[in-house]
Amino acid sequence: MRFRSRITGTGSYVPEQVLTNFDLEKRVDTTDEWITERTGIKERRIAGEETTSDLCLEASKRALQAAGVKPGEVDLIIVATMSGDMPMPSTASILHKKLCAKNSGAFDVNAACSGFLYGLSVADNFIRSGAMKRILLVGAEVMSRFVDWQDRSTCVLFGDGAGAVVLERTRGQRGILSTHLYSDGNMWDYICLPGGGASHPPTAKTVKDKMHVVKMKGNETFKVAVRTLEKLVTDTLKENNIRPSELAMIIPHQANLRIIKATAERLHMPMSKVAVNVDRYGNTSSASIPIALDEVVREERIKKDDYVLLEAFGAGLTWASALIKW
Ligand code: ACO
């Protein structure tokens, strides 16, 4: 029988500092009522001194401990992030040092909010091919350092955090059944951070023009997200011959509770079977799915042999899904 990959440990970490909607009311022209109604967010976490790799480290330690795997036993470290410690080296390389990992490769994946599922697909394929046995995959963001705290349309949305999984080689029926990756670059400017790269290297002018913070066409993105995710989840189930009623849990990317509910409704899934943490953490981008996964695992909301659907949508535009037999 062919190899398969299975998640054998999960972990997550969020910074201590809580920023509520009421705190934001004092900073920008917004209200708790607007943010709650339009997004479902009540509060988010903000990193203090910590960097993205620090968040990765805490989440990774917890995932490795849950899997009973030592850092030196990992073949590869992948970090999904768009808010890494620095453009070079990768945050995965900095995590490699902090974990005292020895024998593994390390690189970052950037697919914005779909990053964790892109990383999961890469990891799954390395393991399926027989090239690797154990991979540490982390989704982590410190988005609070890349938003304009005077722009009410974006600063209320994002939060900081990290989630990690250990994937191991198996020959059984359980594990990652399929992963699905998509992108449409025609809409790259719907969500972007234009400054700091080769197009607009950092200068005093790019800083003055606020080019180093997230820009988002929120409403346009919202409409594409709802439409695209509906098709994504139904196609993913069809390809695996699974009926929505057979799913034990959906773990969606946490951008907006209205988007999460629309997808759940499409599948006739009760919200009790949908993982939600957007209310407590906001949009933690590539960290949102692994944090939510860790929460449902630790709360024992999924059990052996359950079908679990993961789905995400984000900048690129990118979207992705994965079906797991837990
Ligand atoms: N408080 C009060 N009013 C606000 C705020 C705020 N924080 N933000 C915007 N508004 C106002 C707008 O100015 C606008 O006012 P106007 O009608 O007078 O012009 C009004 O509220 C409506 O604004 P919309 O942008 O149309 O509001 P919408 O209902 O679309 O909600 C939101 C905005 C929450 C951003 C939503 O569009 C959304 O969730 N979009 C999708 C985000 C997403 O999925 N992103 C992908 C992942 S992110 C990534 O990859 C990095």
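Is Asp305 buried, partly exposed or exposed, and what is its relative accessibility?

A: Asp305 counts as partly exposed, because its relative accessibility is 34%. The classes are buried (under 20% relative accessible area), exposed (over 50%) and partly exposed in between, with a 1.4 Å probe and protein chains only. The model is predicted, so local features need pLDDT of at least 70 and side-chain atom pairs pLDDT 80 or more, while totals for chains, interfaces and linings use all residues. Residues are numbered from 1 along each chain as its sequence is written, and side-chain values use heavy atoms, without hydrogens or water.

Asp305 is not a glycine, yet its phi is positive, about 75°. Most residues other than glycine have a negative phi, and most peptide bonds are trans. Asp305 sits in the loop that runs from helix 11 (288–298) to strand 12. Helices (H or I, at least four residues) and strands (E, at least two) are DSSP runs, numbered from the N terminus.

Helix 11 is mostly covered, with 9 of its 11 residues buried. Among them are Ile289, Ile291, Leu293 and Val296. The buried set also includes Asp294 and Glu295. Just after helix 11, Glu300 takes a positive phi of about 55°.

A nonpolar core is a set of buried Ala, Val, Leu, Ile, Met, Phe, Trp, Tyr and Cys residues joined through side-chain atoms within 4.5 Å. The largest such core has 42 residues, and Leu309, Phe313 and Leu317 are among those with the most contacts inside it. Besides strand 12, the elements giving two or more residues are helix 8 (218–239), strand 11 (247–252), helix 9 (257–266) and strand 13 (318–325). Helix 8 gives the most, 7 residues. This core takes at least three residues from each of domain 1 (4–173) and domain 2 (177–275 + 288–325). Nonpolar side chains in soluble globular proteins tend to be buried together.

Leu237 shows the packing. Its partners include Leu247, Leu267, Leu309 and Leu323, leaving out residues up to four places away in sequence. Contact here means heavy atoms within 4.5 Å. A second, separate core of 32 residues includes Ala292 and Leu310, along with Ala111 and Leu137.

Leu317 lies in the loop between strand 12 and strand 13. The bond joining Gly316 and Leu317 is cis, with omega about -15°. Another cis bond runs from Met88 to Pro89, with omega near 0°. Pro89 is in the loop between strand 4 (76–80) and helix 4 (91–99).

Lys210 is not a glycine, and its phi is positive, about 55°. Lys210 lies in the loop between helix 7 (204–208) and strand 10 (215–216). Lys210 counts as partly exposed because its relative accessibility is 33%. Thr206, in helix 7, is buried at 7% relative accessible area. Beyond its neighbours within four places in sequence, Thr206 contacts His200, Pro201, Met211 and His212.

The largest share, 4 residues, comes from helix 8. In total 27 residues surround the ligand, and the closest are Thr30, Arg38, Cys113, Asn219 and Asn256. A residue counts as near if one of its heavy atoms lies within 4 Å.

Thr30 is 2.7 Å from a ligand nitrogen. Arg38 is 2.8 Å from a ligand oxygen. Arg258 is 3.1 Å from a ligand oxygen. Alone, the ligand exposes 1,000 Å², and the protein buries 75% of that. These areas come from the Shrake-Rupley method with a 1.4 Å probe; for residues, only the protein chains shown count as cover.

The chain divides into domain 1 and domain 2, with bounds from an automatic or database domain assignment. Their centres, taken over C-alpha atoms, are 14 Å apart. Across the boundary, 39 residues of domain 1 contact 36 of domain 2.

How values were computed. A polar contact is a pair of N or O atoms within 3.5 Å; within protein, one must be able to donate a hydrogen and the other to accept it, and residues adjacent in sequence count only if both atoms are side-chain atoms.
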